[in-house]
Amino acid sequence: DNQLLRVSTDGVVKRVHSGFNGNPREVLWDGASIWITTDSAILYKLNPATDQRAAFQVNNGTPNSMAYDGLADASDLASGVPGGNVWVATDAGFMFKFSAEGIPTTFSGMPWTQPYGMAFDGTNMWVIDHTNGFIYKVTPGGVATPYAITGNPWDIAFDGTDMWTANDDASTSKISSAGAETNYPGLQSSATGIAFDGADMW
């Protein structure tokens with residue numbers, strides 16, 4: 001319905017944000033603004049207090065996943081804008097790095113077709129491709145290194161040292177920064193999401 005709901009921690013809908021070009025897909029918080037991908041290949045940056053929003057076209061495919069790196073650059077520090085970049089992966093093999101001001105850097109020729117999960121390790125962005133069962137470590141310069149993962153991963157999270165994936169074959173995998181995998185089977189069903197709470201994986 002082209003709407004984004006703001007819901008309190010006790011489940012009350014506080015505000016309905018509408019008027020998006022396309023249906024919202026993913027939502028991300030960068031410490032100051034909400035970023036929203038849509039199925040019309042538009043990326044929005046929304047001020048949650050005023051509903052003021054900026055729209056950025058994501059060329060070359062539909063944005064399937066995004067993540068925030070929190071890395072401020074010189075222009076962020078000079079302008080007082082909260083620093084960091086929002087990275088967006090599309091189903092056409094493109095990666096876009098949007099600055100806090102919405103300026104994109106484009107990386108083409110990425111090897112994925114279904115980038116369903118992304119996570120940042122403090123230096124590199126990691127992207128899952130559910131279609132081929134790989135994860136990719138993407139450097140700040142846009143160089144992607146593939147690593148095959150057991151069980152066809154769905155989602156990815158960072159524990160401060162290693163990456164973890166939730167896999168289609170009812171397992172999880174721990175992946176070192178060098179791409180070495182340790183697989184843990186035995187879940188009751190396919191794992192489609194994963195998160196780290198500071199101590200344990202969920």
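## Close-up views of a predicted β-strand model

View 1. In β17, isoleucine 175 is the bridge partner of methionine 163. This is a predicted model, in which local features need pLDDT of at least 70 and side-chain atom pairs count only at pLDDT 80 or more, while totals for chains, interfaces and linings use all residues. Residues are numbered from 1 along each chain as its sequence is written, and side-chain values use heavy atoms, with hydrogens and water left out. Strands, like helices, are DSSP runs numbered from the N terminus (helices: H or I, at least four residues; strands: E, at least two). Strand β16 (residues 163–167) pairs with β17 in the antiparallel sense over 4 bridges, where pairing requires that DSSP finds at least two bridges between two strands. The hairpin of β16 and β17 has 3 residues between the strands, and alanine 170 takes a positive phi near 65° there. Strand β17 is also joined to strand β18 (residues 181–185) by 5 bridges, and these two strands run antiparallel. Threonine 172 has tyrosine 184 as its bridge partner in β18. In the hairpin of β17 and β18, with 5 residues between the strands, glycine 179 has a positive phi near 95°. Strand β17 (residues 171–175) is mostly covered, with 4 of its 5 residues buried; buried means under 20% relative accessible area, exposed over 50%, and partly exposed in between (1.4 Å probe, protein chains only).

**View 2. Surroundings of threonine 182.** Threonine 182 lies in strand β18. Because its relative accessibility is 35%, threonine 182 counts as partly exposed. Leaving aside neighbours within four places in sequence, threonine 182 is in contact with Thr172, Ser173 and Lys174, contact being defined as heavy atoms within 4.5 Å. Threonine 182 and proline 24 are 158 residues apart in sequence, and their C-alpha atoms are 35 Å apart in space.

**View 3. The hairpin of β3 and β4.** Strand β3 (residues 24–29) and strand β4 (residues 34–38) run antiparallel and are joined by 4 bridges. Valine 27 has isoleucine 36 as its bridge partner in β4. The hairpin has 4 residues between the strands, and glycine 31 takes a positive phi near 100° in this hairpin.

**View 4. A nonpolar patch on the surface.** Leu5, Val7, Val13 and Val16 form this patch, with about 320 Å² of accessible area together. Patches are made of residues with over 30% relative accessible area and no salt bridge; like charges are joined within 9 Å, and nonpolar side chains (Val, Leu, Ile, Met, Phe, Trp, Tyr) within 5 Å. Accessible areas come from the Shrake-Rupley method with a 1.4 Å probe, and for residues only the protein chains shown count as cover. Strands β1 (3–7) and β2 (13–18) each supply at least two residues of the patch. Valine 7 lies in strand β1 and, with a relative accessible area of 46%, is partly exposed.

**View 5. The salt bridge between arginine 53 and aspartate 51.** The structure holds 1 salt bridge, a term that requires a side-chain nitrogen of Lys or Arg within 4 Å of a carboxyl oxygen of Asp or Glu. The side chains of arginine 53 and aspartate 51 meet in a salt bridge at 2.8 Å, N to O. Arginine 53 counts as partly exposed at 26% relative accessibility. Aspartate 51 is placed in the loop between β5 (42–46) and β6 (53–57). Although aspartate 51 is not a glycine, this residue has a positive phi of about 70°. Most residues other than glycine have a negative phi.

View 6. Serine 99 lies in the loop between β9 (95–98) and β10 (104–107). Its relative accessible area is 8%, so serine 99 is buried. Not counting residues up to four places away in sequence, serine 99 touches Trp35, Gly84 and Asn85. Asparagine 152 is placed in the loop between β14 (144–148) and β15 (153–158). Asparagine 152 is partly exposed, with a relative accessible area of 24%, and has a positive phi of about 65° although it is not a glycine.

**View 7. The whole chain as context for the close-ups.** The protein has 1 helix and 18 strands. Its C-alpha trace spans about 45 × 40 × 30 Å along the principal axes. Of the 202 residues, 44% count as buried. The accessible surface comes to about 9500 Å², of which 51% belongs to carbon and sulfur atoms.
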